[in-house]
Amino acid sequence: MNKPLMRKILHIIDSVNERIGSISSWLLLALIAVILYEVISRYIFNRPTTWVFNSFRMIDGALIVLGWAYAQRHNSHIRVDIIYTRLSLRKKALIDVIGTGIFFIPLFGAFIRLSASSVWSAYVLYMARHQGSIPTALMYQTIILIGLSLFFLQFVAQFTRDFHILLKGRLP
Amino acid sequence: MIEISPEILAVGFLLAIFFGVLTGYHVALVLIGVGTVFGLFAMGPKVFYLLYFRASSMILNYNMVAIPLFTFMGVMLSRSDIADRLYHALHLLLGRLRGGLALSTVILGTIIAAGLGVVQASVSMLTVVSLGSMVRRGYSKELACGAICAGGTLGILIPPSIMLVVLGMTAAVSIGRLFFGAFIPGFVLSGLYLGYIAVRSWIQPQIAPVAPVEERQVPFTRKMTLLFVSIIPPLAIMLSVLGTIFFGVATVYEAAGVGAAASILITVVYRKFSWNLLKYAMRETLRVTGFVMLITACANATVGVFVYFGGSEAIESLVLALPFGSWGAFAAIMLVTFILGMFMDWISIILIVISILIPIAPQLGFNPTWFALMICVNLQMSFMTPPLAQSIFVCQGSADPELGVTNVDIIKGVIPFILLVMVGLGLFIAFPDLILWLPGKMIG
């Protein structure tokens, strides 16, 4: 692949995840609002709701999976760095290329497949019933699939960068 | 499939994790990677279903809702100027005392850092707010840095703390009970720190000078106003969050939601609210939630594999075979945790050590809540112990270079506080009720 194109694609992945992260961080306000609503209707009006429980789990689930991608965008997933920080750029890249190539890509690839098939089966089930609102299972599964895909994408971008560092000794 | 005894598998599993994380690759992925390899070996390709199911069940666990909410509350309170304001007020109130600023630092750590779950966040917040004013007023750098490291590390123990939320999930102990189990130990440690600073600066006045007279000449009414305006509101948020849980009025996540809303309100009332602060706090929350939950989900998945091939029973029999009875086993576990704590984050330790060892606690005759909290108190010490001490690194990293704080200053400064944590550990071993009494009084 020619260089400017690769740099452009990597840049697009970064900015997509940055943008999605900024937008999805607002879910936190939604989460607070939903919980406040529940607290007020239960403790003040003595009218507990049933929809709130599922909806805030869904919002929280979305925050979590979208947070994975956002944290990866900012390279903040936890590492034990006593040795790692002392390594050269190339050696760091080597460790990351091996880890991502052997463990992350196959494993999370498998997870995305599993997640996609559960979305599909939830969707088929929903279509077969021909009625009612969208079931929560379908929504959960879809959120997880979206989050996993963004996370995967960001990891692949990092993998490409590390690979480039490994070969050329510098960032693409 | 070849038959290998679960003991060998279990030890191999833990060693693989240990050496895997030492490479510096993402801890979460090392955990789940080791789980995959051992799982493929033990059960074949259906391991992917197990891992996926256990990881995604963590994402949808309703208790986890408390993590973004408490994180947000902590970021809002510490990154608005509320922390500075509180520090200033404490300084005016305690300025008459020798070591008043160091005392204020520990108090600030106790109150505000409570919501910040990560050692890095609370220590760096305290460094930014308090180190400059202590050093400029002639405090010894050792005392200043010691107070910052100790106060900031304490922040992750004192509830509401996301460490305790993760701990509760991992150890299958009620999160509310853990909050109140940690309450008295947190304040005992805080009290020990305050007592030490007061005594030390009384004996050696030159290391912690009294505030200059002109700074102290504040009328009594002004002091009382400051107390009510600056200190009571953040304290009230923390206490009301805890109080509603204690009296069984609200669940942990409901209390967290109300606390998060109150933290926005308080910045508005103090006129410190800005959209940039809110956006910053929300993005920071997303980032912290992301990395905390990736490792939590991956660890939960991998523990499933460990349990499947009989790893828990194997470790149990190995630990029970240690000499000197249950206290021998306890000492060994504490030592291992202490060493791991020097270079690993609390998240990794809790998710690996506690999830594997907590089922053994009842067999050893220990209460699981007490056992889990002893490990947390122990971690306080290991985060401050050189050569690999997270608090020390963070304090040095976030200190203003102009202040000229060196590694040696910080290390000398934290040593007395490490000894105080040991005193605390001794107290909690001798009087387990310091941990267990308050949770027993909870309603609901």
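**Two chains and their contact**

Student: What does B:F18 count as at 28% relative accessibility?
Tutor: In this predicted model, B:F18 has 28% relative accessibility. Buried residues lie under 20% and exposed ones over 50%. Because 28% falls between these limits, B:F18 counts as partly exposed.

Student: Which residues is B:F18 in contact with, leaving aside its neighbours within four places in sequence?
Tutor: B:F18 belongs to helix α1 of chain B, residues 6-22. With the neighbours within four places in sequence left aside, its contacts are B:L340 and B:F343.

Student: What distance separates the C-alpha atoms of B:F18 and B:G109?
Tutor: Along the chain, B:F18 and B:G109 are 91 residues apart.

Student: Is B:S130 buried or exposed, and what does B:S130 count as?
Tutor: B:S130 sits in helix α7 of chain B, residues 119-136. Not counting residues up to four places away in sequence, B:S130 touches B:Y87, B:T105 and B:I148. Its relative accessibility is 0%, and the limit for the class is under 20%. B:S130 therefore counts as buried.

Student: What area is buried between chain A and chain B?
Tutor: Chain A brings 58 residues to the contact and chain B brings 56 residues. Carbon and sulfur atoms give 79% of the buried area. The area itself is about 5000 Å².

Student: Which residue of chain A forms a salt bridge with B:E254?
Tutor: Across the interface of chain A and chain B, the rule finds one salt bridge. The closest N and O atoms are 3.2 Å apart, and the cut-off is 4 Å. The partner of B:E254 is A:R42.

Student: How many residue pairs are in polar contact between chain A and chain B, and which helix gives the largest share of the side of chain A that touches chain B?
Tutor: The count of residue pairs in polar contact, both at pLDDT 80 or more, is seven. On the side of chain A that touches chain B, α1, α2, α3, α4, α5 and α6 each supply at least two residues. The largest share, 14 residues, comes from α3(A).

Student: What area does the nonpolar surface patch with B:V249 have?
Tutor: B:V249 lies in the loop between α12 (220-246) and α13 (252-269) of chain B, and at 42% relative accessibility it counts as partly exposed. Patch residues need over 30% relative accessible area. The patch is made by A:I40, A:Y43, A:I44, A:F45, B:F247 and B:V249. Its area is about 600 Å².

Note on methods
Residues numbered from 1 in each chain as written. Chains lettered and ligands numbered in written order. Predicted model: local features only at pLDDT ≥ 70, side-chain atom pairs only at ≥ 80, totals over all residues. Heavy atoms only, no water. Patch = residues over 30% accessible without salt bridge, like charges linked within 9 Å, V, L, I, M, F, W, Y side chains within 5 Å. Areas by Shrake-Rupley, 256 points an atom, 1.4 Å probe, with all protein chains shown as cover. Salt bridge = Lys/Arg side-chain N within 4 Å of Asp/Glu carboxyl O. Helix = DSSP H or I, 4+ residues; strand = E, 2+ residues; numbered from the N terminus. Buried < 20%, exposed > 50% of the residue type's maximum accessible area, 1.4 Å probe, protein only. Contact = heavy atoms within 4.5 Å. Buried area = accessible area lost by both parts, 1.4 Å probe. Polar contact = N/O pair within 3.5 Å; in protein donor to acceptor, adjacent residues only side chain to side chain.
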